2 protein chains.
Amino acid sequence: MLKEYDCWLQKRKIGLTIKIPDAVYVQGDSEIITQAAKEYVNGIQRLANVTPKIETKKTANSSLPKAWLGLISDMEKQALFSNLAAGAEGFVIKIADNNIYIAGKDDAGLLYAVFRFLSLLACGKIKDNFEISETPASSLRIINHWDNLDGTIERGYAGNSLFFKNEKIVYDSQRIEDYARLLASIGINRISLNNVNVRNRAKLLITEVYLEQLAELAAIFRRFAIRLFISVNFASPRDPGVLKTADPLDADVIKWWKECASVVYKYIPDLAGFIVKADSEGESGPFQYDRTHAHGANMLASAVKPYGGEIIWRCFVYNCQQDWRDKKADRAKAAYENFKPLDGKFDDNVILQIKFGPYDFQVREPVSPLFGALKKTRHIMELQITQEYTGHQIDLCYLPFMWEDIMNFDTGEKSIKDLIKGFAAVVNTGLDNNWTGHTLAQANLYGYGRIIWNPSLDAKEIAHEWCALSFGQNETAEKISSILLKSYPAYEKYTSPFGICFMVTPGLHYGPNIEGYEYSRWGTYHRANVKEIGIDRNETGFVNQYAKKNADIFSDPKKCPQNLLLFFHRLPYDFIMKNGETLLQNIYDTHFEGYDEVLEMLEQWKRLKKNLDNAVYESVLSRFERQLLNAREWRDQINTYFFRKTGIGDSKGRLIYD
Amino acid sequence: MLKEYDCWLQKRKIGLTIKIPDAVYVQGDSEIITQAAKEYVNGIQRLANVTPKIETKKTANSSLPKAWLGLISDMEKQALFSNLAAGAEGFVIKIADNNIYIAGKDDAGLLYAVFRFLSLLACGKIKDNFEISETPASSLRIINHWDNLDGTIERGYAGNSLFFKNEKIVYDSQRIEDYARLLASIGINRISLNNVNVRNRAKLLITEVYLEQLAELAAIFRRFAIRLFISVNFASPRDPGVLKTADPLDADVIKWWKECASVVYKYIPDLAGFIVKADSEGESGPFQYDRTHAHGANMLASAVKPYGGEIIWRCFVYNCQQDWRDKKADRAKAAYENFKPLDGKFDDNVILQIKFGPYDFQVREPVSPLFGALKKTRHIMELQITQEYTGHQIDLCYLPFMWEDIMNFDTGEKSIKDLIKGFAAVVNTGLDNNWTGHTLAQANLYGYGRIIWNPSLDAKEIAHEWCALSFGQNETAEKISSILLKSYPAYEKYTSPFGICFMVTPGLHYGPNIEGYEYSRWGTYHRANVKEIGIDRNETGFVNQYAKKNADIFSDPKKCPQNLLLFFHRLPYDFIMKNGETLLQNIYDTHFEGYDEVLEMLEQWKRLKKNLDNAVYESVLSRFERQLLNAREWRDQINTYFFRKTGIGDSKGRLIYD
């Protein structure tokens, strides 16, 4: 039975596919290696209900088979796996003559190796002569929390913050350790704890008001090879500082940040650096002082450089005071327009963090044209695990399904998975006992870690893996896996059609509001009229931000992927789609289907009742029931909206309210 | 120059039209009579800059002309005005032989007489041999505050509460006295201080936690002949009480309320009674216990009856969880459906408080069909002075313009002004120095008092009177009066067209959101499609709630008043209106006109600059500027919405964004 709190690290006696040696020989005594050894012992206890004895050089009885844990370079028998290459944070695992070799390229690599070994063991993949080597595809594997110091979480749907409460740092250290373990087990190596919107008391996190406690948190994560970032407010020299300016070229401002860094690094010497949301949605930034984002980022970068720190600079910069009457402006163009001209102007410890799409974490957007366009600037991709626009962890929406598409997107020269060496994602965790509100949303956190570690994994493999680890290797897990894989297409079908985006309730971002953003300042319009809908992005010039190969595809409604058709084109309702039906009929069809698919998932879930822990069953069931109501609202409001707009009903005669 | 704080009781030396006697002879020494005498002396000081000497029986020198203040029945020279009739709270005023006779039918009447005398004097209406008698048309002239104990005001746009702050009763007693004076000067005789949504600590207002302080407030208002109501929560026996039920037929509940009343009346012996919002928008009520509203109201009525108290029971009861798909349900029918069947079932100290229209204080609604339908139940009408749907005291919207229409509405047997003997209104005042946020919104508070005192007054007379009192008898006042009179039609033109209602931003209720309520649970839909818009209220049966005479008018789009056309009918956009143009063209026309009229008011205001106190000028100017932006949004969003919906442009070729 699933214990929700344990996520994919369940205690469950498995059918062993190898003999587990009685002893584990641990070479090295760093904090991380020591943790890796503990994780091995605890993991074996979880899965095999035996407790391997830890041996070191002094205590070892070398004649018996063992599990050997250490760095590759330290291992006596490294010749055994000299055929297996591993890079930074990578590892090798090999089974030979009843010995288990688990060896890291470095400390972190060893920790990841232990977790991978345990996961493979739980999935029945470890056999005699098994061998594997892995190196993470990305060096930055970041989790961003949007936690506020009052304990609330911006776009959080799984309870309050694990770290903050009532303007204080308040945490349960056991829980933080458990959280760090979960993250390390999927390869996360960086974390930011506070919201990128750094307001009120959160501005003091970089001061001695909070640093001592923040350092205590950092120490817990450090044992799991996870380094902290801190989100900072660009205007900090003015507040909490007392300077009159935050101009990045002002000498006092430069000095202020250098002093700030020296204090911060005194407390947290391995701090990964700062994250900055500047000139975005009302936040302060270099534009206020007629400076460029390069000026702003480089100034901060020079402050943290002496300590090996880095600046993550978010590219979510756009005009959020747009006039809906203005058809020339196109918010989708903003990131490229703001950052492409600065390519090459950033210091080498600046990293641009770019949202995967040109808008904002919609259920379907094209990959941002800024990927592939930046040639001389370090940059990473930002994803969203928390389900802001994808169902608030009430609706099931298995996100690796979308991430797989993103990884495979060809920017023109390279696919994202070959091009991008770092990812950050807004996380979906909070104080709820199951961490993620919806228990099945644990798969999104798991999937994020897995796919950025190895972007060649597909959504299906990840679903199988997560289900097997969570529910055991059995038919129930297979069935849950098939539900997960249905969930994303279903959500996409019953919400905004064909990439049109932003038909969601303003502010809340859950449930339909078809014209909710239509006359707003946010720059996200569909301009549906009696004949047609969508923005012609040839006309706005957005299409030309892509490499020619992609521009050619996106610019032509006949070639454009159907799920992005209304992102790129303004089309009449009678436009004929690939299936020979009109756009309007396709809207009706997908919305009826999307609802039916939720109903089907709900029914499938009900059939699993007897195989599931009752609390898990009930809590997921109640969410499916709420999802069904939501899907019904979406289906009916979208269908009614277009029916009222066109006067044309469903060709199949299904009920559309008038 | 206007002193905003003083409202219509300005200190301004006027050109006197009579000689003011040196002395005022005061007969009677009740608290209210004493206050009336003070008001006379202060008023003469304000307007004539002299201080009449107060004389009583003992001190009088009877040979000189005087102002005579007292009850009609006490006056030595009552034969002088025996031709003038006055009922309860009424008065006579007569000028004869340089004597001024100001006589009340009762104490309150005398106070009102003094204020009317001063007002008439300020307007230059008092001459030799002047005589007048007045009796208020309504016996209940109520102000409802929707003030919360945290100091916020629900739908308040003029600063925080005058009475509450941080869950405490906190007030400036001088300010409360000034407020009571303002209210008494326009004839208000009842006030409730706390929000009808009685939540959290406000439930304790009927307990000794707050009663001592509440009694102190009551004492201030009492001097001005104003009695307090308290808004109570129907579920109070459960919370703050500890009973398991609030069932109105439960013996313990009945006892609980009787004990509650005995405590409350110990502190405030002349408390007017309780106000109750039950079974409304989530509030508790008798429906929860399968009881009727008569059961609920009568039970409370019997608790306050021994003390002469009354229960005001609000009729704002409707299903706020409506399904937009359901075309049979019609929220407009709710008040009638809920209360008409109970006619005659209420005790004689129960008063039903019915919102003027079937919806909720929209800029244009028909008068509720419940008026005229109730034959055997005391009932009063609820108006809204605070500009919830009428511009948030940012936009100028002179409400007596609408109230005049309401007063003249013929229910079938009688007009509202002849039928309704009590009014309540949600007030627009708060801690802002000018009381009402928008200085010109003082006219709405003034106008409410005046029109319910004398519903034969028209909006124009009231505007002239208010402007003369506020700005003096001069051309500036005339011009401001003409601006006031333009403001309501302008607001109506640029917002929801022809009585369609609820095209406003949900929740906030300021600014346009044309489909904002369209798929909501609130029951207020327009169901616009490609061809037509509106609800056919013949079909829902709403029209038949009216007397036949009115049903005949409202049911026929050719007879229905144009400003209510879309309240009652579903019509095609090409429906021909009285001016020979289509409905659609009329929508465009009114929206272009409404915006232009705001522009005109703004320009007119600018031309008054040199004649106005600069602070007043600037503060009103900045509101006109904000109003212009709002009017532009309304104009453009409404026009664009219908243009997109129909594909048909403006016949006059004005710019509509597509």
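**A friendly walk through two chains**

User: In this predicted model, at roughly what angle do the axes of helix 1 and helix 2 of chain B cross?

Analyst: Happy to start there! Helix 1 of chain B covers residues 31-48, and helix 2 of chain B covers residues 107-122. Their axes come within 8 Å, and the crossing angle is roughly 10 degrees.

User: Is helix 1 of chain B roughly parallel or roughly antiparallel to helix 2 of chain B?

Analyst: Angles under 35 degrees count as roughly parallel. The axes cross at roughly 10 degrees. Helix 1 of chain B is therefore, relative to helix 2 of chain B, roughly parallel.

User: How many residues of that helix contact are nonpolar?

Analyst: On helix 1 of chain B the contact includes B:Ile32, B:Ile33 and B:Leu47, while helix 2 of chain B brings in B:Leu110, B:Val114 and B:Phe115, among others. Two of the contact residues are polar and three are charged. The nonpolar count is 15.

User: Which three residues of chain A supply 35% of the area that chain A buries against chain B?

Analyst: Chain A and chain B touch through 23 residues of chain A and 23 residues of chain B. Together they bury about 2,200 Å², with 47% of it on carbon and sulfur atoms. The three that supply 35% of chain A's part, more than any other three residues, are A:Arg325, A:Tyr519 and A:Arg644.

User: How many salt bridges are there between chain A and chain B?

Analyst: A:Asp323 pairs with B:Arg632 in a salt bridge, with the closest N and O atoms 3.9 Å apart. The salt bridges between the two chains number ten.

Terms used. Residues are numbered from 1 along each chain as its sequence is written. Chains are lettered from A and ligands numbered from 1 in the order in which they are written. This is a predicted model: local features need pLDDT of at least 70, side-chain atom pairs count only at pLDDT 80 or more; totals for chains, interfaces and linings use all residues. Side-chain values use heavy atoms; hydrogens and water are left out. Contact means heavy atoms within 4.5 Å. Buried area is the accessible area (1.4 Å probe) that two parts lose on being put together, summed over both. A salt bridge is a side-chain nitrogen of Lys or Arg within 4 Å of a carboxyl oxygen of Asp or Glu. Axes are lines fitted to C-alpha atoms, for helices over the stretch in contact, and angles run from 0 to 180 degrees between N-to-C directions. Helices (H or I, at least four residues) and strands (E, at least two) are DSSP runs, numbered from the N terminus. Angles under 35 degrees count as roughly parallel, over 145 as roughly antiparallel, 65 to 115 as roughly perpendicular and the rest as oblique. Ala, Val, Leu, Ile, Met, Phe, Trp, Tyr, Cys and Pro count as nonpolar, Asp, Glu, Lys and Arg as charged, and the others, Gly among them, as polar.
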